[in-house]
Amino acid sequence: MTAQTDTPGPVTTVYKVTGMSCGHCEGSVSGEISQIPGVSSVKAVASTGEVTVVSVAPLDEEAVRAAVDEAGFELAGKA
């Protein structure tokens, strides 16, 4: 007998963040977002303002907004 599991794959979401201008900014944003439960990777790119987040399930946008705010930046929404 085999157990059937409903395990979805990872979820990738791209967010736009305003105010990032350097590598330190990228690190601050990445560090805060990576603390959200379920996040497996974060890649912030200051030149485009895009933050790519890979998580085990869709994230609550308010949790992402709070993390970006904590880093000192503003979440402009999903890219």
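How are helix 1 and helix 2 oriented to each other? Helix 1 and helix 2 are oblique to each other in this predicted model. The protein has two helices and four strands, and along the sequence these follow the pattern β-α-β-β-α-β.

**Overall make-up**
- Of the protein's 79 residues, 32% count as buried.
- Among contacts with a separation of 6 or more, 63% come from residues 24 or more positions apart.

**The two helices**
- Two packed helices are described by the angle between their axes and the distance between the axes.
- For helix 1 and helix 2, the angle is about 140° and the axes are 8 Å apart.
- Angles over 145 degrees would count as roughly antiparallel and angles from 65 to 115 as roughly perpendicular, so helix 1 and helix 2 are classed as oblique.
- The crossing of helix 1 and helix 2 is right-handed.
- Helix 1 makes this contact through Val29, Glu32 and Ile33, and helix 2 through Val64, Ala67, Val68 and Glu70.

**The buried side of helix 1**
- Helix 1 spans residues 23–33, and its buried residues are Cys25, Val29, Ser30 and Ile33.
- An α-helix has 3.6 residues a turn, so residues three or four places apart point the same way.
- The buried residues of helix 1 pack against strand 1 (11–18), strand 2 (39–45), strand 3 (50–55) and helix 2 (61–70).

- In soluble globular proteins, nonpolar side chains tend to be buried together.
- The largest nonpolar core has 19 residues, of which Met20, Val29 and Ile33 touch the most other members.
- Strand 1, helix 1, strand 2, strand 3 and helix 2 are the elements that give two or more residues to this core.
- Val29 is in contact with Val17, Met20, Val51, Val68, Ala71 and Phe73, leaving aside its neighbours within four places in sequence.

**Thr13 in strand 1**
- Thr13 lies in strand 1.
- With a relative accessible area of 16%, Thr13 is buried, because the cut-off for buried is under 20%.
- Apart from neighbours within four places in sequence, Thr13 is in contact with Val51, Thr52, Val53 and Lys78.

Terms used
Residues are numbered from 1 along each chain as its sequence is written. This is a predicted model: local features need pLDDT of at least 70, side-chain atom pairs count only at pLDDT 80 or more; totals for chains, interfaces and linings use all residues. Side-chain values use heavy atoms; hydrogens and water are left out. Buried means under 20% relative accessible area, exposed over 50%, partly exposed in between (1.4 Å probe, protein chains only). Contact means heavy atoms within 4.5 Å. A nonpolar core is a set of buried Ala, Val, Leu, Ile, Met, Phe, Trp, Tyr and Cys residues joined through side-chain atoms within 4.5 Å. Axes are lines fitted to C-alpha atoms, for helices over the stretch in contact, and angles run from 0 to 180 degrees between N-to-C directions. Angles under 35 degrees count as roughly parallel, over 145 as roughly antiparallel, 65 to 115 as roughly perpendicular and the rest as oblique. A crossing is left-handed if the near helix is turned anticlockwise from the far one by less than a right angle, and right-handed if clockwise.
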